[in-house]
Amino acid sequence: MLDGTWSTDGVSSFDILDPSDGSLVGTVPVAGPEQVAAALAAAGKAREAWARTAPGERGAWLAGAALRVREAADELAELTRREMGKPLDDARGGVLAGAGTLAQYAELGPLHRGRALQGGWGATDLMVAQPRGVVAAVVPWNDPVAVACGLLGAALVTGNVVVLKPSERATHVAVRLAEILAEDLPAGVLTVLCGDGSTGALLAAAEGVDVVAHVGSTATGRSIAEATARTGAKTLLENGGNDPLVVDAGVDPAWAAAQAALGSFANAGQICTSVERIYVHADVAEPFLAALVERARTFAIGPLVDRRMRDAVHAHVAAAVEAGATVLTGGEVPDGPGAAYPCTVLSGCTEDMDVMREETFGPVAPVRVVASFDEALALACAGPYGLAATVLTADQEHAQRAWRELPVGTVKVNAVFGGAPGGAAQPRGRSGSGFGYGPELLDEMTTTKVVHLEPAPRS
């Protein structure tokens with residue numbers, strides 16, 4: 001959005017297809033250097049006035065935006081379904097989660113404060129939080145509304161202006177979301193740049209950007225980090241993961257299989273914290289695998305986001321089978337239009353397989369049987385990623401060891417998903433850096449200035 005209108009200019013364009021049937025959703029322009037420069041110029045003009053807007057006014061605006069997003073939940077959910085294949089009820093849940101995040105930041109933003117320091121009697125010493133300036137938000141396709149609302153809400157309520165670059169796989173829903181959010185905003189406070197990776201690269205490397213906040217692939221995160229190392233912009237990165245699930249001896253194998261299926265297959269495995277590799281104790285392995293196969297055959301999912309994603313997922317499965325893994329169910333590309341892929345369970349997996357050592361991001365559950373909890377925990381701790389991990393255990397000592405030793409930002413014990421409102425975590429290793437969500441994201445979106453104030457001597 002530039003001065004209240006959506007630009008259709010670009011150096012090229014691309015089509016977005018509905019992954020359920022291959023039909024055309026729409027054609028999207030690719031913003032080039034001129035469009036990026038114009039967006040940053042608009043943001044630069046708006047930043048001072050928005051930073052000076054009272055925090056209470058910014059919070060009230062965000063509360064109103066949250067209500068508008070909630071009212072548009074059906075529309076946004078349908079756009080999400082058409083662009084990336086998420087089942088409609090799940091898509092609507094993501095929209096409502098995004099609205100809830102906006103409402104949360106509407107309350108937290110005006111309360112975000114610095115602190116007074118104890119200095120000399122005749123002086124005042126303060127630590128004051130100030131907006132960083134221009135935030136480039138590069139958001140993903142797998143949960144486009146919820147993720148965007150988190151970054152945009154925290155950035156805008158703390159007085160920053162935002163240039164939003166949505167994924168080329170979910171552009172229309174992001175544009176509509178931005179239209180809803182920008183309804184009462186001054187021109188330039190929220191600007192959208194449509195395009196592909198080339199547009200994101202131009203934005204991340206541009207002078208005049210103070211923060212690049214990215215949720216997406218590790219490869220893109222690395223390129224952003226390299227670009228901001230030259231410009232000096234702050235980076236917030238939540239990137240790929242290879243999240244392990246440990247199934248300990250002594251648990252109910254049917255319950256554990258239900259948890260594994262949910263973690264591996266929800267949203268067709270296209271969740272940042274999906275279960276990517278499973279280590280199951282030999283004592284429960286046989287009934288666990290049988291129950292997991294049954295769950296996989298009855299689990300209702302949508303298609304993968306597109307055929308390019310499906311090809312990448314199937315390549316991991318095919319390579320694992322060639323290296324000795326066994327397909328217990330799924331593992332075949334179906335005929336017909338769209339980008340469907342079946343829930344797949346693999347046994348006999350080893351650490352040298354890409355399906356175990358990299359992020360597959362599809363409905364695949366690769367399983368390795370282990371002889372002990374110690375072996376499972378050691379394998380779960382290995383690898384360069386550090387996003388999240390789950391442990392299913394009835395042993396309190398094992399639970400304590402797991403959450404302390406796993407080198408990840410989020411550890412979940414006996415539930416693959418869940419958590420209290422306001423939680424935030426710091427990914428580690430290749431999975432990124434910086435807080436996402438929660439009150440801590442307000443800290444990330446601001447910078448602290450120390451002020452020492454004392455009177456001048458009398459003349």
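This is a predicted model: local features need pLDDT of at least 70, side-chain atom pairs count only at pLDDT 80 or more; totals for chains, interfaces and linings use all residues.
Okay, strand 8. Which residues sit on which side? On one side you have V211, A213 and V215, and on the other V212 and H214, and every one of these is buried, which leaves both faces covered. If you want the background, side chains in a regular strand alternate between the two faces of the sheet.

Now the neighbours of strand 8. Strand 5, residues 134-138, runs parallel to strand 8, and four bridges join the two. To find your place there, look for A137, which stands opposite A213. Then there's strand 9, residues 234-238, also in the parallel sense with strand 8, over five bridges. The pair to look for here is H214 and L237, standing opposite each other.

Strands 5 and 6 run parallel, with five bridges between them, and V138 stands opposite K165 of strand 6. Strand 6, residues 161-165, then pairs with strand 7 in the parallel sense over three bridges. V162 has L190 of strand 7 as its bridge partner.

What packs on this sheet?

Strand 6 itself is mostly covered, with five of its five residues buried. V161, V163 and K165 are on one side, V162 and L164 on the other.

Next, the core. The largest nonpolar core has 107 residues, and those with the most contacts inside it are V69, L76, L152, L181, L190 and M445. Which helix gives the most to this core? Helix 5, residues 144-157, with 10 residues. As a general point, nonpolar side chains in soluble globular proteins tend to be buried together.

Take L181 from that list. Setting aside residues up to four places away in sequence, L181 touches W61, A65, R68, V69, L102, L152 and L190. You'll remember L190 as the strand 7 partner of V162. There's also a second, separate core of 24 residues, and V284, L289, C343 and L392 are included in it.

Another one to click on is L102, in helix 4, residues 88-111. L102 has a relative accessible area of 1%, so we call it buried. Leaving out neighbours within four places in sequence, L102 is in contact with L62, A65, A66, V69, C149, G153 and L181. For a sense of distance, L102 and T329 are 227 residues apart along the chain, with 41 Å between their C-alpha atoms.

Back to helix 5, this time with helix 2, residues 55-71. Their axes come within 9 Å and cross at roughly 155°. Helices 2 and 5 are therefore roughly antiparallel to each other. At the contact, R58, G59, W61 and L62 of helix 2 meet G153, L156 and V157 of helix 5. By class, that's four nonpolar, two polar and one charged residues.

Three strands form an open sheet in the order 3-4-20, and here the pairing is antiparallel. Why do two of the strands have one side without a neighbour in the sheet? Because strand 3, 115-117, and strand 20, 446-453, stand at the edges, each with a single partner strand. From one strand to the next, the twist averages 25°. Strand 3 is joined to strand 4, residues 124-131, by three bridges, and R115 stands opposite M127 in strand 4.

That's my tour, thanks.

Notes
Residues are numbered from 1 along each chain as its sequence is written. Side-chain values use heavy atoms; hydrogens and water are left out. A nonpolar core is a set of buried Ala, Val, Leu, Ile, Met, Phe, Trp, Tyr and Cys residues joined through side-chain atoms within 4.5 Å. Buried means under 20% relative accessible area, exposed over 50%, partly exposed in between (1.4 Å probe, protein chains only). Contact means heavy atoms within 4.5 Å. Axes are lines fitted to C-alpha atoms, for helices over the stretch in contact, and angles run from 0 to 180 degrees between N-to-C directions. Angles under 35 degrees count as roughly parallel, over 145 as roughly antiparallel, 65 to 115 as roughly perpendicular and the rest as oblique. Ala, Val, Leu, Ile, Met, Phe, Trp, Tyr, Cys and Pro count as nonpolar, Asp, Glu, Lys and Arg as charged, and the others, Gly among them, as polar. Two strands pair if DSSP finds at least two bridges between them.
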